[in-house]
2 protein chains.
Amino acid sequence: MRIDRKRLEHSIEELGRIGETPNGGLTRLALTDGDKRARDQTVAWMKAAGLRVSVDRMGNIFGERAGSEPLPPLMMGSHVDSVPTGGKYDGQLGVLCALEAIRTLNDERARTRHPVTLAIFTNEEGARFQPAMIASGVMAGKIALEDAYNARDRNGIRLVDELERIGYLGSEPCVPRPIRAYLELHIEQGPLLEEEGRSVGVVEGIVAIAWSRLTFTGVQDHAGPTPMRVRRDAVVAAADVVRAVRAIPARVGPEMVATVGRLDVSPNITNAIPGRVVMSVDVRDPKEENVTRALGLLDQVVKDAAASEGVSYELEHYWRVPPTPFHPEVVGAVERAAQSLGVRYRRILSGAGHDAQYMAAICPTGMIFVPSRNGRSHCEEEFTPMDDIEHGANTLLHVLLDLAQ
Amino acid sequence: MRIDRKRLEHSIEELGRIGETPNGGLTRLALTDGDKRARDQTVAWMKAAGLRVSVDRMGNIFGERAGSEPLPPLMMGSHVDSVPTGGKYDGQLGVLCALEAIRTLNDERARTRHPVTLAIFTNEEGARFQPAMIASGVMAGKIALEDAYNARDRNGIRLVDELERIGYLGSEPCVPRPIRAYLELHIEQGPLLEEEGRSVGVVEGIVAIAWSRLTFTGVQDHAGPTPMRVRRDAVVAAADVVRAVRAIPARVGPEMVATVGRLDVSPNITNAIPGRVVMSVDVRDPKEENVTRALGLLDQVVKDAAASEGVSYELEHYWRVPPTPFHPEVVGAVERAAQSLGVRYRRILSGAGHDAQYMAAICPTGMIFVPSRNGRSHCEEEFTPMDDIEHGANTLLHVLLDLAQ
């Protein structure tokens, strides 16, 4: 059994037009009008494929294809939200490959013992509402529904109000439930598969991730008549931390990454000494103890920077997930499927978080990676060749046939 | 002859309520609804004081009190726009002290040979539209009217469209014209007057100022799976420049100041390596040649930071004004007035730009400073004691009586 490459390619193109940027990327932040249109389009396709569609209280969308027995469903899915000026593969590719697998089952009039469910998770990226993967986090019981509802975007708009506004505040409880297995196909977002000429990554798990929020409060003042000797400049302290964060991985371990991705300056005008900076620090490593060491170094670095500039600070380590090993049964099934299809593959670890991370807490979980050209993602240049996508989607289909029986 | 302290205090309080922040500061950006209401209020007071009000093509407002002879007017003024979360003294104090001086002339039925004109200049701060002092710049013939009209705020809105929207796109040409002298009372925005216990600064001139805009373009990528070795992070390059700018004054001269006040990161989310940073650099020194040296150092610093991180850059030195010495006749008149009133004063140089800077190009110009508590301005804590304001306003009144005869 093989998926229909042309049909899949067509769906990727069509869904990619919703929120498309002038340079061929995608800006489709969670629960915006663009996200709503992408959801509507996907739901229409689900219904056309005969799926029974439901929406839960976090706006997660499920489309179920009945099995021959009353068993827990085999679930496949990903997300359709994007980062700002992101690409057309992160998230939506996993949704559309899963949809294509189901369409193929329909073509072949194949029956599975377990039902097969296509899932679209809300706000995976965390670009608009923090933390990321908030909706699978609620489903796994790791984030309280109320906290998720009260997450606010930069303009102070609440997640729950946006869910309601776009018509995706569903009535189904968002709680753990029996699931045969959860499978997510996703782009690698790193350079390894492409460097080695492989089409599929058999994902063994996800690295540990820690997010911190740092606020420096100095003294806002006029940039002209304020002598250098009396300044307490929040941006100068922030610059020290940016530099130090860049240097942390070399001090801790070769697989660690550390990033300042967000930095907001107040009042942010040319002729005022910045009184306040809010910035993010993202730390990842395969080993939990390395993340702990890095956060300890960060604490010291921030303290030193604040003391040196005479500013105050608040440092919150507000989100942290340990390494997530995937289920041996699912990892094994992915590897067997790739082998049986003759696809070039390797075992790999994910440096990025995915909804699969939370799903692993409630059911056997695994992921399939396909290559990212130049290792790039979260940008308009994000790209995966159609040959690799086809191999990935067929692998997904065959894992599904294996695990849903 | 003395001004009416109570009346002046009342006007300061009343105008300060338009755009007031919860902490008692002011957010009244140029040509916003708040600016319009502050203009409307001031125009109403001008008319109540019997002034003939006109508006020019840059939205500058003039209120004229007739003189006994057909001579060029003695002009006093300042601005009513503010920076974001700024204070209630920067700008509006100069306008209201000038208004109070005119009200006092009315009380005393005093006649002056020269007409006396109160001026309010558009967009002095440069917080919304760049460059700062754009409207006095047009009036002095230093900025083309068309360039000023096409200045855009962060949302891409043009200055001319906002002038029209708030009803202050006047018909009078905004060009140099005969003026007896221009006088501006303003807060010092530095610590010197307060440190020395003086109420009035006799301003001898304004330091040289240079504004630069710097853009780093790196490679936007996912913060997780992108190894440190391949990163080209725009924020890391920006941090190097922030640090280097802080160090430039110590290398050039004891009176130099250098500031990174604005820094915008793209895409500015926790889990993306920043692909782009746009930042400002503000350099000031009493000596022109020191500014030139500092910009040379900046060029080198930016080049090194870009090379070190493997990012590209664009550095524009887009605005520069030489030191502005004020007119000896006006400076002398300010000093005589302070002396004759028994006010404690000192001669002083302004580290901040003012509309007086451009006015000095078309007529004899001078300024009067009053103290800033803790030297602070462009912040909500901005404050000047009423005793000092009274001394400053009386000094202004007496300079006016001197020069308008």
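Residues are numbered from 1 along each chain as its sequence is written, with chains lettered from A and ligands numbered from 1 in the order in which they are written. Because the model is predicted, local features need pLDDT of at least 70 and side-chain atom pairs count only at pLDDT 80 or more, while totals for chains, interfaces and linings use all residues.

View 1. Strands here are DSSP E runs of at least two residues and helices are H or I runs of at least four, numbered from the N terminus. Buried means 20 or more other C-beta atoms within 10 Å of a residue's own, with C-beta atoms placed from the backbone. Ala181(A), Leu183(A), Leu185(A) and Ile187(A) point one way, and Tyr182(A), Glu184(A) and His186(A) the other. S5(A) runs parallel to S3(A) (residues 74-78), joined by three bridges, and to S16(A) (residues 365-370), joined by six; strands pair when DSSP finds at least two bridges between them. Look for Leu74(A) bridged to Ala181(A), and Leu183(A) to Gly366(A).

**View 2. Helix H8 of chain A meeting helix H8 of chain B.** The axes of these helices, each spanning residues 234-252, come within 8 Å and cross at roughly 135°. Axes are lines fitted to C-alpha atoms over the stretch in contact, with angles from 0 to 180 degrees between N-to-C directions. That makes H8(A) oblique to H8(B), the class left after under 35 degrees (roughly parallel), over 145 (roughly antiparallel) and 65 to 115 (roughly perpendicular). Among the residues of H8(A) in this contact are Val235(A), Ala239(A) and Arg243(A); contact means C-beta atoms, placed from the backbone, within 7 Å.

**View 3. The side of chain A that touches chain B.** The contact takes 54 residues from chain A and 55 residues from chain B. Elements of chain A that each supply at least two residues include H8, strand S10 (263-266) and strand S12 (276-285). The largest share, seven residues, comes from H8(A).

**View 4. Asp355(B) in helix H11 of chain B, residues 355-359.** Asp355(B) is buried, with 31 other C-beta atoms within 10 Å. Not counting residues up to four places away in sequence, Asp355(B) touches Ser78(B), His79(B), Phe121(B), Glu124(B), Met133(B), Ser136(B) and Glu184(B).

Note on methods. A residue is buried if 20 or more other C-beta atoms lie within 10 Å of its own, exposed if 12 or fewer, and partly exposed in between; C-beta atoms are placed from the backbone. Two residues are in contact if their C-beta atoms, placed from the backbone, lie within 7 Å.
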